[in-house]
Amino acid sequence: MTFELGVYSFGNTPRLADGSRGPTAQAIRDVLEAIKLADEVGLDYFGVGEHHMRAMPLSSPTALLNAAAASTSRIKLSTAVSVLSTDDPIRVFQQLATAAAIAPGRIETVAGRGSSTIAFPLFDHDEHDYDMLYASKLELLMAVNGGENVSFNGPHRKRPLQNATVFPRPDEPLKIWLGTGGSPDSVYRAVELGLPMFLGILGGTPEHWAQYGRAYRAAWAQAGHPTEQADIAVAVHGFVADTGDKARATYLDYEHRMMAEGMAELGRPAPPRTDRAAAFGSDGMVFVGSPREIADRILHLHSLLGHTRQILQMDVGGMPQRDFLRGIELLGAKVLPEIRTKLAAR
């Protein structure tokens, strides 16, 4: 498989001159601008995630995918993730199928449980049903993706579906990834369902995450799935600038601000700034540096994990849009060509 490089975003509400938050509507417009640029500079993928916070207001990824599908020509587009536990899987499929009609073969989805239960009261769900809702809704999403006539009787529904029809249909079934933050149960769930695995990574080391790749592939082979379908992708925090020093100074400031404010909304303490700075090193999992540094670190992780796609979240903490767009330009013009050249030489 050809290695793919891309970007993902939850939206990044801009800062005003006095330090206060700008309009959340601007954050949505900024993401769409970034997606268009990523398409133009040759990146392979753009993922739009789901959060329900003022700082990260991209709460309806499938809606944005439809706008992006109509304004791009070649880049793959995906939710990253859709928080399936608090959404309706049939509506998620219908919205994705609409985008796939506009951009055939370019629409995917990463289905996840979500990193917190912040959206449960918003959508009138009981957080004690966290696991049940995800498992049942993922099963229904896969059933709907498998064919237009669906019979389903899962625990999240009051009434079963009996030979129900779901339209529109994409030209071909959507690629559905199982999104996980590294839970061993999720690794084996992906294998059980025959789904590719998308790892959302905030910390640890390359060697630590390589264990998940080995476990996934070993279980995949034991289950008798085709070897070539054991697909792994990685989502990380990261940032690229013209020099490594500039990248590290910029990203440490904005990432720490994002974590401090985001964790405060969840009622949790943010990790110390020094801890995040340590994760920026070559033995960490925050990919920050010059184009050459980023290419080398991605290649190192690839040698351990064998993943086929890596995406970076760069627009964090009110980072200026110009810095985010420059990072996208560098990923497309310098990082991706170097990765492809070095992989071809192996």
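Tyr45, Trp177 and Phe198 form one aromatic cluster. Rings of Phe, Tyr and Trp (its six-membered ring) are taken to pair if their centres lie within 6.5 Å; planes under 30 degrees apart count as stacked, over 60 as edge-to-face and the rest as tilted. The model is predicted, and local features need pLDDT of at least 70, side-chain atom pairs pLDDT 80 or more, while totals for chains, interfaces and linings use all residues. Residues are numbered from 1 along each chain as its sequence is written, and side-chain values use heavy atoms, with hydrogens and water left out.

Eight aromatic pairs are present in the structure. In one of the pairs, phenylalanine 239 and tyrosine 251 are stacked, because their ring centres are 6.0 Å apart and their planes lie at 10°. Phenylalanine 239 belongs to strand E9 and tyrosine 251 to helix H7, so the pair ties together parts that are twelve residues apart in sequence. Helices (H or I, at least four residues) and strands (E, at least two) are DSSP runs, numbered from the N terminus. Both phenylalanine 239 and tyrosine 251 are buried. Buried means under 20% relative accessible area, exposed over 50%, and partly exposed in between (1.4 Å probe, protein chains only).

On a 1 Å grid over the protein atoms alone, a cavity is a set of points where a 1.4 Å probe fits but cannot get out; a pocket is an open set with protein on both sides within 12 Å along at least five of seven lines; lining residues have an atom within 4 Å of a point. Grid points are joined across faces, edges and corners, and a volume is the space filled by probe spheres set on the points.

The largest pocket has a volume of about 910 Å³. Its lining holds 39 residues, and Phe10, His51, Gly114, Ser115 and Leu202 lie nearest the centre. Helix H7 contributes the most to this lining, with five residues. By class, the lining comprises 21 nonpolar, 15 polar and three charged residues. Here Ala, Val, Leu, Ile, Met, Phe, Trp, Tyr, Cys and Pro count as nonpolar, Asp, Glu, Lys and Arg as charged, and the others, Gly among them, as polar.

The second largest pocket holds about 390 Å³. It is lined by 22 residues, with Lys175, Trp177, Pro196, Gln229 and Asp231 closest to its centre. Helix H4 (130–146) and strand E7 each give two or more residues to the lining. Nine of the lining residues are nonpolar, six polar and seven charged.

One cavity of 30 Å³ or more is found. Pro206, Ser282, Gly284, Met285, Phe287, Arg297, His300 and Leu301 line the largest cavity. Helix H9 (residues 291–305) gives the most to that lining, with three residues. Arginine 297 lies over the face of phenylalanine 287, at 4.5 Å from the ring centre. The criterion requires NZ of Lys or CZ of Arg within 6 Å of the ring centre and within 35 degrees of the ring normal.

Most residues other than glycine have a negative phi, and most peptide bonds are trans. The bond from alanine 80 to valine 81 is cis, with omega near 10°; valine 81 is in strand E3. A cis bond also joins phenylalanine 167 and proline 168, with omega about 0°. Proline 168 sits in the loop between strand E6 (161–165) and E7. Aspartate 124 has a positive phi, near 60°. Aspartate 124 lies in the loop between E4 and H4 and is exposed, at 71% relative accessibility. Asparagine 163, in strand E6, has a positive phi of about 50°. Its relative accessible area is 53%, so asparagine 163 counts as exposed.
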